[in-house]
Amino acid sequence: MAHLTPPVGSRDRDKMQGPPTASVTLVEYGDYECPACGDAYGIIKAVQRAMGDDLCFVFRNFPLSEAHPHAEHAAEIAEEAAVAGQFWPMHDALFENQDALDDGSLLSYGEQLGLDRQRLLRALRGSHAERIREDFLSGVRSGVNGTPGLFVNGRRYDGFGDPESLLAVLRAAMANG
Amino acid sequence: MPNPAATSGDAMPKIGERAPEFTLHSTPDQSVSLSELRGHAVILAFYPADWSPVCGDQMSLYNEVLPEFRKYGAELMGISVDGVWCHAAFARERKLHFPLLADFEPKGAVARRYGVYRLHDGNSERALFVIDASGVVRWRYLSPVGINPGADGILTALENLNQANAPASDRKDA
């Protein structure tokens, strides 16, 4: 229970920031419309700045689409951006505009990144749905019980709240690694 | 964290025992009996109360995982001491696609039968039971009341159930 399945790097589709060889890997199962994930976005940015190349950050989809009506479409658009190598700019744009995630806004973020409108529309119709559900179910099997669901070096981390405590946990993982 | 209101779990039906029968309202004019669900695996998710934040997350999570539960032919039932109108409002607001049963009158009677009633708080523990198609408890889990137990334990239990029943598992679920 509460162990990351599948581990990072076991499939080539994980979205990574930072070197895959970093001594600490932080995985987030996140929902673009979840307010707590919005808070986590800022905290993780701060932690990434502090850790530099010692940290590899991975984002996996965990949209609670019944609770958050725009979460699934936001994830679809991010996956479409990933196809064009623009995942992280889209990930950031979504978290920085959590109050504007309707389809029109999602299309405009895509177009601002130079993505093809027809492909974006196909994404909104679910062209990446299977991939997103795979992420979601891997989270469920790993014991994710809400968002953001965080894993530090494959182990679930529950005490999430501020950059200092997360940083302390990551540094401890680095020392143990 | 020591919690004086917590039950020990000793009174919970044991694995291999018959799950206690009950009949509870799922809507103002419909009720569900456990025995009516024979032939299907049943997931009973006791939770303390509608609207409290962790419960909401737990039920919302199960709502999203529902297609996976159904792949195993399993029926999910949430149970709390809230009344039918409260359940109806909660289910509507969270867009829940599974029944919430009202263990309301006599209050907590089913939770008591399953050994998960919290006497001091007057509500139930956060407890999970997986019951097989013949009505026998196959898995149970008592979670700390403030922690959403997630769905991984349920899925593993359903998987084990399916393997155990493999030769006879040609039934189709509705």
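Analyst: Among the contacts in chain A between residues at least 6 apart in sequence, 77% join residues at least 24 apart, where two residues are in contact if their C-beta atoms, placed from the backbone, lie within 7 Å. This is a predicted model, in which local features need pLDDT of at least 70 and side-chain atom pairs count only at pLDDT 80 or more, while totals for chains, interfaces and linings use all residues. Residues are numbered from 1 along each chain as its sequence is written, and chains are lettered from A, with ligands numbered from 1, in the order in which they are written.

Chain A contains seven helices and five strands, these being DSSP runs numbered from the N terminus (H or I over at least four residues for helices, E over at least two for strands). Along the sequence they follow the pattern β-β-α-β-α-α-α-α-α-β-β-α. With a radius of gyration of 15 Å, close to the 16 Å that the globule rule gives for 177 residues, chain A is as compact as a globular protein of that length; the radius is taken over C-alpha atoms, and the rule is 2.2 Å times the number of residues to the power 0.38. The C-alpha trace of chain A spans about 50 × 30 × 30 Å along its principal axes. Of the 177 residues in chain A, 41% are buried, a class that requires 20 or more other C-beta atoms within 10 Å of the residue's own, whereas 12 or fewer make a residue exposed and the range in between makes it partly exposed.

Helix α2(A) is mostly covered, since 11 of its 13 residues are buried, among them A:A71, A:H73, A:E76, A:E79 and A:E80. The buried residues of α2(A) pack against strand β3 (55-61) and helices α3, α4 (103-112), α5 (117-124) and α6 (129-141) of chain A.

From α2(A), residues A:A74, A:I77, A:A78, A:A81 and A:A82 meet A:F87, A:M90, A:H91 and A:L94 of α3(A). An α-helix has 3.6 residues a turn, so residues three or four places apart point the same way. The residues of this contact divide into eight nonpolar, one polar and no charged, with Ala, Val, Leu, Ile, Met, Phe, Trp, Tyr, Cys and Pro counted as nonpolar, Asp, Glu, Lys and Arg as charged, and the others, Gly among them, as polar. Just after α2(A), A:G85 takes a positive phi of about 70°.

Turning to the partner chain, 12 residues of chain A are in contact with 16 residues of chain B. On the side of chain A that touches chain B, the residues divide into six nonpolar, four polar and two charged.
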